[in-house]
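Please report on the model shown below. Keep to short sections, and say what surrounds the residues discussed.

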Amino acid sequence: MGKVIAVANQKGGVGKTTTSVNLAASMAATKRKVLLIDLDPQGNATMGSGVDKYEVPKTSYELLVDEEPIDDVLVHETSGGYDLLAANSDVTATEIKLMEFFAREVRLRNALAPVRDRYDYIFIDCPPSLNMLTVNAMAAADSVLVPMQCEYYALEGLTALMDTIGKLAAVVNPDLKIEGILRTMFDPRNRLAADVAAQLKQHFGDKVYRTVIPRNVRLAEAPSFGKPAMYYDKNSNGAKAYLALAGEIIRRQESNKQTQVAS
């Protein structure tokens, strides 16, 4: 059964969508079967996947509100080689509509059930707020990947996010874990970034990925061409970093499986 990872942080501008798109593409490049779910009404992950959010016939709205079968909603042709559940401004209404339903927190989990064993990895790009869409993502996910910049306010926000994840886990998903903490837009010349990175390692240990995503112009440019960085400039430091992250996640999962078998 596919591993479901929610990419989440309540703070905006930390690289959630960049991470979702480029990690999905990197996993697909390793011959894994990947699904990317865009739950953000801005639809940036959709556009970054080479899919026009203004032209896409069906989105997360049809899946979560109208309960259309997931196979009727998915987009199979993307620039990153993965399947996509698209989003656009229609998804804004999903938040309001979901309040009318019973068991509204688990509608995404239930909708994914028929296709989970079809994928190796399912990534969910969450909106930058704690709303019903984010709650659905957390309820459906096995774990949460947290992208964050190495700055003081981000470190403060991370504590609040961890508290939120803990509370959500208790209510909607007792098995929810922290997949890892990813340092994004990292500039090694910045002393504060190095200090924050050291504090992260001290507090969260091996939950902090060894892979660091650098501040990289190609990563910023790629979405305007509707491509993940590896298909825009495969030699860029940003593209190489996300491939390295994909490898690190795969190795961690295989190591965890071996540990479980041994025990």
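## Helix α6

At the start of α6, a side-chain oxygen of N131 comes within 3.0 Å of the backbone nitrogen of L133. That is a polar contact: N or O atoms within 3.5 Å, where, within protein, one must be able to donate a hydrogen and the other to accept it, and residues adjacent in sequence count only if both atoms are side-chain atoms. Helices are DSSP runs of H or I of at least four residues, strands are runs of E of at least two, and both are numbered from the N terminus.

Helix α6 covers residues 132-140, and nine of the nine are buried, so the helix is largely enclosed by the rest of the structure. Buried means under 20% relative accessible area, exposed means over 50%, and partly exposed lies in between (1.4 Å probe, protein chains only). The buried residues of α6 are M132, L133, T134, V135, N136, A137, M138, A139 and A140.

## Basis of the model

This is a predicted model, in which local features need pLDDT of at least 70 and side-chain atom pairs count only at pLDDT 80 or more, while totals for chains, interfaces and linings use all residues. Residues are numbered from 1 along each chain as its sequence is written, and side-chain values use heavy atoms, with hydrogens and water left out.

## Helix α8

Helix α8 runs over residues 191-204. Its 14 residues should span 20 Å at 1.5 Å a residue, and its end C-alpha atoms are 20 Å apart, which agrees. The expected span is 1.5 Å times one less than the number of residues.

Which residues of α8 are buried? They are A193, V196, A197 and L200. These cover an arc of only 105 degrees around the axis, so they sit on the same side of α8. The arc is taken from the directions from the helix axis to the C-beta atoms. An α-helix has 3.6 residues a turn, so residues three or four places apart point the same way. The face turned away from the buried side carries the exposed residues R191 and Q202. The cover over the buried residues includes β5 (143-149), α7, β6 (177-186) and β7. Just after α8, G205 takes a positive phi of about 55 degrees.

## Nonpolar cores

A nonpolar core is a set of buried Ala, Val, Leu, Ile, Met, Phe, Trp, Tyr and Cys residues joined through side-chain atoms within 4.5 Å. The largest one has 54 residues, and I37, L108 and I124 touch the most other members. Helix α7 (residues 152-172) gives the most to this core, with nine residues. Another core lies apart from it, with 33 residues, among them V34, L84, A86 and L182.

Contact means heavy atoms within 4.5 Å. Beyond four places in sequence, I37 touches L85, L108, L112, I122, F123, I124 and D125.

## Buried polar side chains

T211 lies in strand β7 (residues 208-214). T211 is buried, because its relative accessibility is 11%. A polar contact of 2.6 Å joins its side chain to that of E248. Leaving out residues up to four places away, T211 touches L182, R183, A241, A244, L245 and E248.

S60 lies in helix α3. Is S60 buried or exposed? S60 is buried, at a relative accessible area of 0%. A polar atom of the S60 side chain lies 2.8 Å from the backbone oxygen of D38. Apart from residues up to four places away in sequence, S60 touches D38, L39, L85, A86, A87 and V91.

T18 is found in helix α1. T18 is partly exposed, at 27% relative accessibility.

Most residues other than glycine have a negative phi. K31 has a positive phi of about 75 degrees although it is not a glycine. K31 sits in the loop between α1 (16-29) and β2 (34-38). At a relative accessible area of 77%, K31 is exposed. E67 also has a positive phi, of about 55 degrees, and is not a glycine. E67 is in the loop between α3 (60-64) and β3 (83-85). E67 is exposed, at 57% relative accessibility.

## Cysteines

The structure holds zero disulfides. A disulfide here is a pair of cysteine sulfur atoms within 2.5 Å. C126 is buried, at 0% relative accessibility. C150 is buried too, with a relative accessible area of 8%.
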